[in-house]
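Keep it open beside you as you read.

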Amino acid sequence: MLEVDKKDAHLLERAIAQWETDSLISPEQAQNLRGTWHIRTTDWQAITLYIFIAAISCALMAFGALVLDEKWIEVLRLKYALNDGIISLGFAVLTVFLCIHGYRRQQRYPVYSLNRELFWLLPILSIGVSVVYLGKSFHYLNGNYGVFWLLATMCYGVLGVMLSSRLLWSATLICLIPAFVKLTYFLSNGQAYFWGMNLPCRMVLLAIIMMGIHTIFYKNKHYKRIEDITWTGAWLLLLLSGWMISIFGNTAGWEEWQQVRQVHLLWWVIGFTILCVGSLLFGIKKHDPMIRDMAVLFLLLDMYTRYFEYLWDRTHKGLFFAILAASFWWIGKLLERRLKKG
């Protein structure tokens with residue numbers, strides 16, 4: 001007898017019911033088919049996922065205890081007279097060894113598994129330590145931390161594309177944000193504006209750069225497994241930055257923003273609303289549910305933000321929360337309908 005989980009059993013039940021409705025099988029055959037499987041009592045897939053999550057948590061805590069406090073590295077430094085450059089080189093060699101070992105495992109077992117993917121957490125941590133100590137050896141180029149963030153980003157990116165690792169590519173995009181921020185602050189001598197843009201406006205530029213990266217590597221066969229991460233991250237960063245701009249505009253800081261009247265930021269609000277509507281239409285046209293759904297969520301966020309900015313003192317709170325409840329009910333109904341179709 002076939003052993004299936006609840007999700008697969010539900011799918012089989014729907015398929016048999018549809019075949020019976022379409023008269024492809026008789027009621028007796030349908031009943032016989034329903035007796036060919038049973039639902040497993042233990043969901044080993046979920047348990048495995050939780051075990052791997054626990055392993056990741058323990059690995060990160062071990063990394064923090066052993067590396068971030070630097071105590072054991074300092075002990076080795078004093079005992080063997082190691083400098084920062086040697087420590088950086090040692091972790092770089094360890095990274096090469098881990099990547100070669102991981103690549104061989106990947107060739108031996110080509111089927112994707114969570115166990116294989118989580119192995120790349122070790123090179124991610126070793127690269128981070130190597131870059132930190134490399135920066136120390138050069139005194140971070142007099143405070144230019146962005147160069148070393150960018151170096152880590154490039155290492156993660158090259159390995160992520162070559163090894164088709166979603167974890168390594170996620171680390172690439174996560175590192176790209178502080179690298180971009182630190183470099184722009186360094187190039188602007190720590191000023192609030194870079195090329196006339198404050199931080200949220202620069203994030204829009206970074207989102208466009210990420211979309212450009214996606215376009216460049218789109219046809220690369222190694223990039224196919226990780227392309228959705230870049231695409232989703234770029235759109236999320238674009239819309240999130242646009243939302244921040246609709247609140248703060250292109251102001252330099254908190255004090256300047258407090259002195260600006262809300263009506264002077266209206267053009268930024270209109271621009272963000274146009275961005276959301278345009279993203280929604282683009283997602284519908286390209287049949288991209290991710291862009292479409294994200295645009296709808298940010299359009300609703302735009303509406304609620306404008307309410308707090310312009311109508312909070314003029315509207316009854318009960319009416320507002322009634323509108324909020326109705327909108328969330330509508331979103332839930334829409335998602336439920338989509339799940340049923342799926």
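Let's begin with an outward-facing residue: Trp195 is exposed, with a relative accessible area of 70% (exposed means over 50%, buried under 20% and partly exposed in between, with a 1.4 Å probe and protein chains only). Trp195 sits in the loop between α10 and α11, and its phi is near 55°, a positive value in a residue other than glycine.

A word on the ground rules. This is a predicted model, in which local features need pLDDT of at least 70 and side-chain atom pairs count only at pLDDT 80 or more, while totals for chains, interfaces and linings use all residues. Residues are numbered from 1 along each chain as its sequence is written, and side-chain values use heavy atoms, leaving out hydrogens and water.

| Residue | Phi | Relative accessible area |
|---|---|---|
| Ser164 | near 50° | 15%, buried |
| Trp195 | near 55° | 70%, exposed |

Stepping back, the protein chain holds 16 helices and 2 strands (DSSP runs numbered from the N terminus: H or I of at least four residues for helices, E of at least two for strands). Of its 342 residues, 34% count as buried. Among contacts (heavy atoms within 4.5 Å) between residues at least 6 apart in sequence, 62% join residues at least 24 apart.

Helix α11, residues 199–217, contains His214. This histidine, His214, is buried at a relative accessible area of 9%. Leaving aside residues up to four places away in sequence, His214 touches Tyr223, Glu227, Thr230 and Trp231.

The second largest pocket has a volume of about 260 Å³. Of the 15 residues lining this pocket, Thr153, Gly157, Trp169, Thr172 and Ile213 are the closest to its centre. The elements giving two or more residues to the lining are α9 (145–163), α10 (166–187) and α11, with α9 supplying the largest share, 6 residues. By class, the lining has 12 nonpolar, 3 polar and no charged residues (Ala, Val, Leu, Ile, Met, Phe, Trp, Tyr, Cys and Pro count as nonpolar, Asp, Glu, Lys and Arg as charged, and the others, Gly among them, as polar).

A pocket here is an open set of points on a 1 Å grid over the protein atoms alone, where a 1.4 Å probe fits, with protein on both sides within 12 Å along at least five of seven lines; lining residues have an atom within 4 Å of a point. The volume is the space filled by probe spheres set on the points, which are joined across faces, edges and corners.
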